[in-house]
Amino acid sequence: MKVTVVGAGAVGASCAEYIAIKNFASEVVLLDIKEGFAEGKAMDLMQTASLNGFDTKITGITNDYSKTAGSDVCVITSGIPRKPGMTREELIGINAGIVKMVSSSLIEHSPNTIIIVVSNPMDTMTYLVHKTTGLPKSKIIGMGGALDSARFKYRLAEALGAPISDVDGMVIGGHSDKGMVPLIGKAVRNSVVVSEFLSEERMDQVVQDTKVGGATLTGLLGTSAWYAPGAAVSGMVQAIACDTKKIFPCSALLDGEFGLSDLAIGVPCVLGANGIEKIVEISLTDAEKAKLAESAEGVKATNGLLEL
């Protein structure tokens with residue numbers, strides 16, 4: 001199993017670290033355009049191998065896509081990160097050009113790869129890769145829902161005063177502050193719906209805190225978060241590499257599912273060796289359907305800014 005991560009910044013390096021530590025890949029290639037940057041990150045990470053007990057080889061490369069040849073999974077994190085007060089949508093002009101170039105370069109050397117898109121605005125960048133590469137739709141996956149759901153579970157555990165292992169929940173919809181649809185009505189603590197424990201007001205607060213999870217961190221850090229995004233990617237890559245058939249909310253290209261078409265948006269997906277093996281059409285309440293439809297309109301509006 002060979003995994004390439006494009007972009008050796010904080011998010012990309014965290015992806016490489018978590019993938020290596022889980023020890024399911026034989027090699028992780030970390031690629032960046034900045035001379036020596038990926039090589040330095042790779043060397044630093046490899047010096048943790050004996051301390052963290054992994055045998056995955058991490059290789060750093062400066063802008064030479066031939067070294068990514070034969071990659072089973074490629075992760076695109078490259079692009080400019082958010083700054084305080086900036087929306088994910090404001091990144092589209094710069095990041096679209098970067099993502100288009102990166103995806104075509106990767107496929108040139110790994111035509112059968114599975115691509116995971118992290119760059120923002122994530123749903124629109126995922127849609128761009130679908131429209132410009134010709135890869136099967138099952139092999140192009142946007143990361144956002146996995147991250148948003150992890151943030152949702154963090155807020156649920158906080159509100160419940162429960163260990164995170166006792167909590168489960170899912171966020172679908174667009175990967176944006178307004179577009180996320182945390183499914184609070186389906187969230188559980190050890191199979192008991194959280195409404196048994198929390199007031200309506202507290203549940204609403206959990207939903208709102210989840211939706212601004214990225215913006216909250218950007219305000220605190222001065223840039224986008226990286227630990228949780230890296231962990232989200234590593235979980236998805238592991239599901240593909242180990243063919244676990246685990247369900248993640250992912251940005252997938254829809255063709256009638258949930259009544260939506262011609263856009264990539266967060267929905268429950270079974271991930272395995274073939275990428276997205278199945279889109280799971282869960283039942284939604286009328287309110288949840290309305291929120292998902294509204295989110296889809298927002299994503300389509302952002303997609304309309306692309307120059308395809």
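Hi everyone, let's start with a pair of helices: α1 passes α9 in a right-handed crossing. Before going further, please keep in mind that this is a predicted model. Helix α1 covers residues 10-22 and helix α9 covers residues 227-241. They pack at an angle of about 45 degrees, and their axes are 8 Å apart. That angle makes α1 oblique to α9.

Who makes the contact? On the α1 side we find V11, S14, C15, Y18, I19 and K22. On the α9 side the partners are Y227, P229, G230, A231, V233, S234, G235, V237 and Q238. Sorted by class, this contact of α1 with α9 has 9 nonpolar, 5 polar and 1 charged residues.

Now for a second pair. Helix α4, residues 92-109, packs with helix α5, residues 122-133, at an angle of about 45 degrees, with the axes 10 Å apart. These two helices are therefore oblique to each other, and their crossing is right-handed. From α4, the residues I92, N95, A96, V99, K100, S103 and I107 meet T124, M125, L128, V129, T132 and T133 of α5. Here the class count is 7 nonpolar, 5 polar and 1 charged.

And a third pair. The axes of α6 and α7, the latter being residues 200-211, come within 9 Å and cross at roughly 145 degrees. This crossing of α6 and α7 is right-handed. In α6, the residues D148, R151, F152, R155, L156 and A159 meet R202, V206, D209 and T210 in α7. How do the residues of this contact divide by class? There are 4 nonpolar, 1 polar and 5 charged residues in the contact of α6 with α7.

While we are on α6, have a look at Y154, which lies in this helix, residues 144-160. With a relative accessible area of 46%, Y154 is partly exposed. Y154 and G169 are 15 residues apart in sequence, and their C-alpha atoms are 9.8 Å apart in space.

In soluble globular proteins, nonpolar side chains tend to be buried together. In this model, the largest nonpolar core has 53 residues. Which of its members touch the most other members? They are V75, I116, I141, M236, V237, I265 and L271. Helix α9 gives the largest share of this core, with 6 residues. V237 is also part of the contact with α1 that we began with. Apart from this core lies another one, of 24 residues, and V29, V99, V102 and A264 are among them.

I116 is in strand β5, residues 114-117. Its relative accessible area is 0%, so I116 is buried. Leaving out residues up to four places away in sequence, I116 touches V73, C74, V75, I76, I141, M143, M236, V237 and I240. For a sense of distance, I116 and N23 are 93 residues apart in sequence and 19 Å apart in space, C-alpha to C-alpha.

The other is I265. Again not counting residues up to four places away, I265 touches D123, G173, G174, C250, S251, A252, L254, L260, L292, S295, A296 and V299.

Is a charged residue such as E288 buried or exposed? E288 sits in helix α10, residues 286-303, and at a relative accessible area of 11% it is buried, because that is under the 20% cut-off. Its contacts, aside from neighbours within four places in sequence, are V181, L183, K186 and S283.

Finally, some backbone details for you to find on screen. The peptide bond from N120 to P121 is cis, with omega near -5 degrees. P121 is found in the loop between β5 and α5, and β5 is the strand that holds I116.

There are also residues with a positive phi to look at. N190 has a phi of about 50 degrees although it is not a glycine. You will find N190 in the loop between β10, residues 188-189, and β11, residues 192-193. At 55% relative accessibility, N190 counts as exposed. D262 is not a glycine either, and has a positive phi of about 55 degrees. Its place is in strand β13, residues 261-272, and D262 is partly exposed, with a relative accessible area of 40%.

Conventions
Residues are numbered from 1 along each chain as its sequence is written. This is a predicted model: local features need pLDDT of at least 70, side-chain atom pairs count only at pLDDT 80 or more; totals for chains, interfaces and linings use all residues. Side-chain values use heavy atoms; hydrogens and water are left out. Axes are lines fitted to C-alpha atoms, for helices over the stretch in contact, and angles run from 0 to 180 degrees between N-to-C directions. Helices (H or I, at least four residues) and strands (E, at least two) are DSSP runs, numbered from the N terminus. Angles under 35 degrees count as roughly parallel, over 145 as roughly antiparallel, 65 to 115 as roughly perpendicular and the rest as oblique. A crossing is left-handed if the near helix is turned anticlockwise from the far one by less than a right angle, and right-handed if clockwise. Contact means heavy atoms within 4.5 Å. Ala, Val, Leu, Ile, Met, Phe, Trp, Tyr, Cys and Pro count as nonpolar, Asp, Glu, Lys and Arg as charged, and the others, Gly among them, as polar. A nonpolar core is a set of buried Ala, Val, Leu, Ile, Met, Phe, Trp, Tyr and Cys residues joined through side-chain atoms within 4.5 Å. Buried means under 20% relative accessible area, exposed over 50%, partly exposed in between (1.4 Å probe, protein chains only).
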